[in-house]
Amino acid sequence: MTPTVAPGAPGIPARWTSSAKSGVGTALSSKSPLWFTLSHGILNEIYYPRLDAACTRDLGLIVTGPDGYFSEEKRDATHAVEPFEDGVPAYRLVNSAADGSYRVDKRVITDPKRPVLLQEITFASLSSGTDHRVYALLAPHLVNAGMGNSAWLGEHKGQRMLFASGRGVFIALASSLPWGDCSAGYVGVSDGWQQLRDSGQLDPAWERADDGNVALTGEIGFSAGKATAVLALGFGAYPEEAADHAAASLREGFEAAAGLYVANWRKWQAGLETLDHHAASGLNTYRVGTAVLATHLSIARQGAAVASLSIPWGFNKGDDDLGGYHLVWPRDLVETAGGFLAAGDAAEALRILTYLRSIQQPDGHWPQNAWSNGTAYWPGIQMDECAFPLLLADALRRAGHLPRARLAEFLPMIENAASYIARNGPVTGEDRWEEDAGYSPFTLAVEVAGLLAAADMLDACGNTEPANYLRETADCWNNQIERWTYVTGTELCVTAGVEGYYVRVTPPDDAGAASPKDGYVPIKNRPPGDTDRPARAIVSPDALALVRFGLRAADDPRIVNTVKAIDASLRCDLPQGPVWYRYTGDGYGEHEDGAPFDGTGRGRPWPLLTGERAHYELAAGRDERARELLATFENSAGTGGLLPEQVWDAPDMPDRELRRSAPSGSAMPLVWAHAEHIKLLRSLRDGAVFDLPPQGVERYLRQGTGSRLRTWRFNNRIRAIPAGKVLRLELSARAVVHWSSDRWLTVTDSATAGNALGIHLVDLPVAGLAPGGSILFTFFWPDTGRWENVDFSVGVGEPDPGAIPKPGAAPAKGATRVSQ
């Protein structure tokens with residue numbers, strides 16, 4: 001008999017679900033490439049066979065009863081969640097009906113032996129004489145999409161199961177108790193939710209729903225009163241394989257799988273540093289964080305880790321948002337590696353570095369983000385992401401995990417990355433918030449620190465010439481950070497009572513424009529007509545990176561002034577303590593009325609920035625203040641101790657599930673935030689910032705190294721140099737520089753020379769020119785036999801008063817504390 005296809009194809013437009021996760025988990029087993037998430041007392045996205053491939057929207061229960069009683073546990077119950085034990089992301093869930101009529105107890109794990117998600121469900125009817133019926137409702141989203149799925153009812157080896165497929169992945173839902181009535185349908189029209197809500201029963205004749213937004217519903221065969229069932233959701237490359245997996249897990253039982261699941265996690269946690277710390281909630285926040293980091297690791301590609309197993313404001317997003325945050329960001333990945341390293345798992349940090357080497361692009365940069373297999377997703381280039389892997393490699397080297405022989409294996413990666421940064425920096429195509437191009441203090445700090453780290457690693461491998469060049473470049477850029485990003489005499493200076501401050505970002509330098517600090521920055525995520533703001537008016541906690549990466553002392557007056565400006569503009573005092581906004585005018589967050597971010601909105605506070613501020617306070621020698629901020633950081637977590645991307649800063653809006661000081665609808669957990677938390681615990685234990693690179697501290701804070709150079713290149717056309725500086729021209733191909741310092745009365749031709757990093761450069765001996773002079777130049781390109789036919793000009797200004805401490809000056813005691 002031909003199965004009856006449900007009406008209503010293809011269903012309503014597909015949506016994802018809440019990003020406010022209360023738990024994430026996986027089995028730490030190569031036999032079980034399966035990851036799950038929880039919120040509102042039920043399963044949400046389940047990922048297979050890669051952690052960037054979501055296969056479900058959610059899997060929850062519907063309870064019906066006499067007189068049209070209808071209750072959905074995710075909406076109509078209160079929820080409690082707790083792990084089996086510290087550091088083990090297996091969960092007990094308790095969902096109690098708001099009307100007091102029933103209670104659901106669940107235990108959730110994945111089977112370490114096979115790709116099966118197991119739920120042990122105990123249902124208790126608390127209303128005397130009430131005949132409740134319990135249904136499982138599953139919304140397949142295979143793979144990473146709601147549309148294009150098919151669902152059907154079937155049997156496998158005599159056992160009734162619910163099946164779904166999409167894009168070559170199959171799932172089979174089996175129960176340890178016999179299924180009652182079951183149905184397949186199209187979401188919003190003929191799915192089980194609609195049927196049970198409308199009539200209180202399923203139409204078992206609807207056995208199939210093809211190529212749409214589909215759902216499966218099955219009655220769990222509970223006996224009256226109280227009963228326990230195990231649901232097994234199996235995955236496979238074909239339906240029989242998925243069904244075999246589910247059946248095998250049911251045969252072996254929940255307890256056997258749970259025992260192995262817990263043992264895997266206990267073994268891994270036992271090898272970590274003892275940084276255990278309990279928050280006011282009673283949760284061991286360190287073990288929560290380490291479990292979050294490990295849960296976000298790939299099995300198929302060792303060393304890959306996604307930014308979050310969530311989609312921010314997912315309930316408002318459809319199939320057009322394929323990636324969500326379950327993508328690899330090189331920046332987040334290096335931060336994650338730092339968390340592993342701080343926790344004592346250097347082997348995982350090294351696997352991350354090896355993975356990064358495998359996805360580095362031929363020209364030396366890393367993609368803005370990528371699928372776990374390395375395929376680029378968004379096309380942007382962020383220079384901090386190109387420098388972060390260098391800092392990771394050097395941190396491993398300095399900790400003794402990359403001896404010279406092993407370091408040599410990474411030398412091509414290091415050289416290519418350093419060359420790319422030197423050729424294309426200091427301007428970034430996007431800042432760390434993935435929005436604006438220009439000079440960002442955060443990006444500059446990572447670039448300079450990365451170049452210094454690369455120089456040390458090249459030196460260690462005997463490559464002295466390129467190492468010296470990288471240090472010269474780092475010195476040159478470091479010497480100009482204030483020229484590019486420090487402003488004085490603004491309205492905010494008056495408001496905050498300071499002389500000046502570092503801004504968030506300034507536009508790229510252009511010889512035909514005013515100073516970068518006089519330019520305008522387009523604020524993304526703002527409504528049309530409310531975007532461009534003066535660069536001078538935008539402040540950000542990003543400037544604290546200058547301390548975090550060792551370029552400026554914590555007590556440098558410019559840093560202290562900037563901290564005051566940050567607090568005057570961006571500090572949000574919440575019940576748990578201060579949390580900071582990303583930058584002035586940020587639009588990435590819910591709207592004022594609480595509506596979800598939809599391309600525009602209003603930025604909300606980021607707990608991550610509280611962790612970064614705590615590290616600054618520690619660098620400044622204010623340990624107790626850092627510990628207070630640690631508590632604020634931890635108390636910004638959601639249910640289950642997971643740290644969100646943002647917290648809500650307005651009055652409670654219960655209808656939108658927004659509560660002041662609690663997680664907003666943004667990503668949760670944010671792995672980067674958990675890595676920052678782990679590093680903060682390590683830093684507080686060590687009494688110094690764990691991941692502060694030592695090269696900048698030694699070179700700039702202790703030795704006061706300046707720069708004799710200013711560099712000009714086509715992507716950084718400086719308009720002037722201070723008197724006494726050498727002008728270095730850096731090009732991507734060999735050239736003859738045709739130049740003059742007296743308006744072409746006399747002319748000199750100087751040929752460039754290529755260095756080991758593929759950069760063609762020449763230093764023009766103009767250090768003796770007096771202020772008010774200028775250098776004119778153009779290029780002849782011998783490889784193509786053509787002239788540039790454009791004259792370029794660089795003026796000579798007053799001598800540089802110096803942007804860093806004078807040689808020999810040391811930072812004040814405690815001004816910047818660093819682990820050596």
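**Figure 1. Where helix H5 meets helix H19.** In this predicted model, Thr285, Tyr286, Val288, Gly289, Thr290, Val292 and Leu293 of H5 are in contact (heavy atoms within 4.5 Å) with Val671, His674, Ala675, His677, Ile678 and Leu681 of H19. The residues of this contact comprise eight nonpolar, five polar and no charged; here Ala, Val, Leu, Ile, Met, Phe, Trp, Tyr, Cys and Pro count as nonpolar, Asp, Glu, Lys and Arg as charged, and the others, Gly among them, as polar. Two packed helices are described by the angle between their axes and the distance between the axes. For H5 (residues 285-295) and H19 (residues 671-686), the axes come within 9 Å and cross at roughly 135°. Axes are lines fitted to C-alpha atoms, for helices over the stretch in contact, with angles running from 0 to 180 degrees between N-to-C directions. H5 and H19 are therefore oblique to each other; angles under 35 degrees count as roughly parallel, over 145 as roughly antiparallel, 65 to 115 as roughly perpendicular and the rest as oblique. The crossing of H5 and H19 is left-handed, meaning that the near helix is turned anticlockwise from the far one by less than a right angle (clockwise would be right-handed).

Residues are numbered from 1 along each chain as its sequence is written, and side-chain values use heavy atoms, with hydrogens and water left out. As the model is predicted, local features need pLDDT of at least 70 and side-chain atom pairs count only at pLDDT 80 or more, while totals for chains, interfaces and linings use all residues. Helices (H or I, at least four residues) and strands (E, at least two) are DSSP runs, numbered from the N terminus.

**Figure 2. Helix H6 alongside helix H8.** The axes of H6 (residues 330-342) and H8 cross at roughly 20° and come within 8 Å, and the two helices are therefore roughly parallel to each other. Their crossing is left-handed. On the H6 side, the contact is made by Pro330, Arg331, Val334, Glu335, Ala337 and Leu341, and on the H8 side by Asp384, Glu385, Phe388, Pro389, Leu392, Ala395 and Leu396. Nine of the residues in the contact are nonpolar, none is polar and four are charged.

**Figure 3. Helix H10 and its cover.** The 14 residues of H10 (residues 411-424) reach 20 Å from first C-alpha to last, close to the expected 20 Å, where the expected span is 1.5 Å times one less than the number of residues. Leu411, Met413, Ile414, Ala417, Ala418, Ser419, Tyr420, Ile421 and Ala422 are its buried residues; buried means under 20% relative accessible area, exposed over 50%, and partly exposed in between (1.4 Å probe, protein chains only). Their cover includes helices H7, H8, H9, H11 and H12, together with strand S27. In the loop between H10 and H11 you will find Pro426, joined to Gly425 by a cis peptide bond with omega near 0°.

**Figure 4. Helix H18 and its neighbours.** H18 (residues 623-634) has Ala626, Leu629, Leu630, Thr632, Phe633 and Glu634 as buried residues. These pack against H5, strand S24, helix H17 and H19.

**Figure 5. Arg743 in its loop.** Arg743 sits between strands S28 and S29 and has a positive phi near 60°. Most residues other than glycine have a negative phi. At 62% relative accessibility, Arg743 counts as exposed.
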